[in-house]
Amino acid sequence: MLSRHALGASFASLILLAGIAIGSLLGYLAPTTAQRVSDWVDPTLLALVALLFFGVRFGALLQALSDLRVLGLALLANFVLIPLIGYTVASLFLNAHPLFMVGLVIYFMSPCTDWFLGFTRLANGNVALGAALIPINMLVQLLLYPLYLQLFAGKAVEVEAEVIGGTLLQWFLQPLLVAVVAHLLSRLLLGGKRFAALLARIDQLVPWLIGLLVLEIFAGNIAVIFEHRGVFIWVLLAVFSFFVLTFLLGEGLSRLVGLDYPEHALLSMTTAARNAPLMLAVTMAALPDQPLVYAALVIGMLVEFPHLTALRWVLLSAQRRHVPARCLRTDRP
């Protein structure tokens, strides 16, 4: 039976497709109305950021101390090795299309802070440690975003580290602090069960806001995006190649250090899943008026759910063939 996060990922894919279709039709058939719709991007973006930050379970951070080896391995893979792999793949496939390349680099360099946990559970992975990775991944990728953009995208788009740093501070780090305080106060005032229900409602709302944001992007920019429709096949090939390489990386690292199956499954999922919703929001604030960059992020998001579903099947098949019964536990203290 699918977990809440996994079901949310599946449903989010359908909402994304609907957002693309409705936004594209609106932009093509009613451009004046579409332009008015696209003017709502900033409020939608702020609402999405607020909900993403409020929904993070920061209390899980203490769990990270239980297995520093796996934590260090995940950080090395997600923030050193995978950005290098992602830049190489994007450069090979899309060197002639720099804006799409930038969008893919941004997509590749940011590990998921949401539904990868549901797939980790479905694959019998270490969910407790995975929950601890969520706030760490979010904070680290926000702090590294200006550096990565300068290193990997500076030749394709105009990147001013000071301006982007100020944008992140205004749009994301300050709202992050507000969201943490609101999160803690709400938990204190509502109590455990009601607060959990509130977080579940927020998790359900996030895909709709992402879909609305995608609709607004395509409604306002469908003419520019449609002009480059021939590039989409290269974007898809690049994303597929990236997912194959990250799978091989997870397998290699797990075998190199001798991880038990639950930690192996966690490492595979966190290195495979990307944080497209937050990165879409960050990039729209840091790099305004770049619809081709946003389109590449959206395409990556669409491919991700089927990939995670296939990865779960591969991991479970390997577990049944090779892993002894003692390794089948998922949440270790």
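Figure 1. Asn126 is buried, with a relative accessible area of 3%, where buried means under 20% relative accessible area, exposed means over 50%, and partly exposed lies in between (1.4 Å probe, protein chains only). This residue sits in the loop between α6 (116-122) and α7 (127-153); helices (H or I, at least four residues) and strands (E, at least two) are DSSP runs, numbered from the N terminus. The side chains of Asn126 and Glu263 are joined by a polar contact of 2.7 Å. A polar contact is a pair of N or O atoms within 3.5 Å; within protein, one must be able to donate a hydrogen and the other to accept it, and residues adjacent in sequence count only if both atoms are side-chain atoms. This is a predicted model, in which local features need pLDDT of at least 70 and side-chain atom pairs count only at pLDDT 80 or more, while totals for chains, interfaces and linings use all residues. Residues are numbered from 1 along each chain as its sequence is written, and side-chain values use heavy atoms, with hydrogens and water left out.

**Figure 2. Thr246 in helix α10 (residues 232-257).** With a relative accessibility of 1%, Thr246 counts as buried. A polar atom of the Thr246 side chain lies 2.9 Å from the backbone oxygen of Phe243. When its neighbours within four places in sequence are left aside, Thr246 is in contact with Ile82, Thr271 and Ala272, contact meaning heavy atoms within 4.5 Å.

**Figure 3. The salt bridge between Glu251 and Arg255.** A search of the whole structure finds 1 salt bridge, a term for a side-chain nitrogen of Lys or Arg within 4 Å of a carboxyl oxygen of Asp or Glu. Side chains of opposite charge can pair when their charged atoms come close. In the pair formed by Glu251 and Arg255, the closest N and O atoms are 3.6 Å apart. Because the two residues are 4 residues apart in helix α10, Glu251 and Arg255 are separated by about one helical turn. Glu251 counts as buried at 14% relative accessibility, whereas Arg255 is exposed, with a relative accessible area of 68%.

**Figure 4. Helix α12 (residues 276-286) and its buried residues.** Among the buried residues of α12 are Pro277, Leu278, Leu280 and Thr283. Leu278 and Leu280 are also among the residues that touch the most other members of the largest nonpolar core, which has 106 residues. Helix α13 (residues 291-322) gives the most to this core, with 14 residues. A nonpolar core is a set of buried Ala, Val, Leu, Ile, Met, Phe, Trp, Tyr and Cys residues joined through side-chain atoms within 4.5 Å.

**Figure 5. The whole chain and its helices.** The chain has 13 helices and 0 strands, and buried residues make up 53% of its 333 residues. Of the contacts in the chain with a separation of 6 or more, 85% are accounted for by residues 24 or more positions apart.
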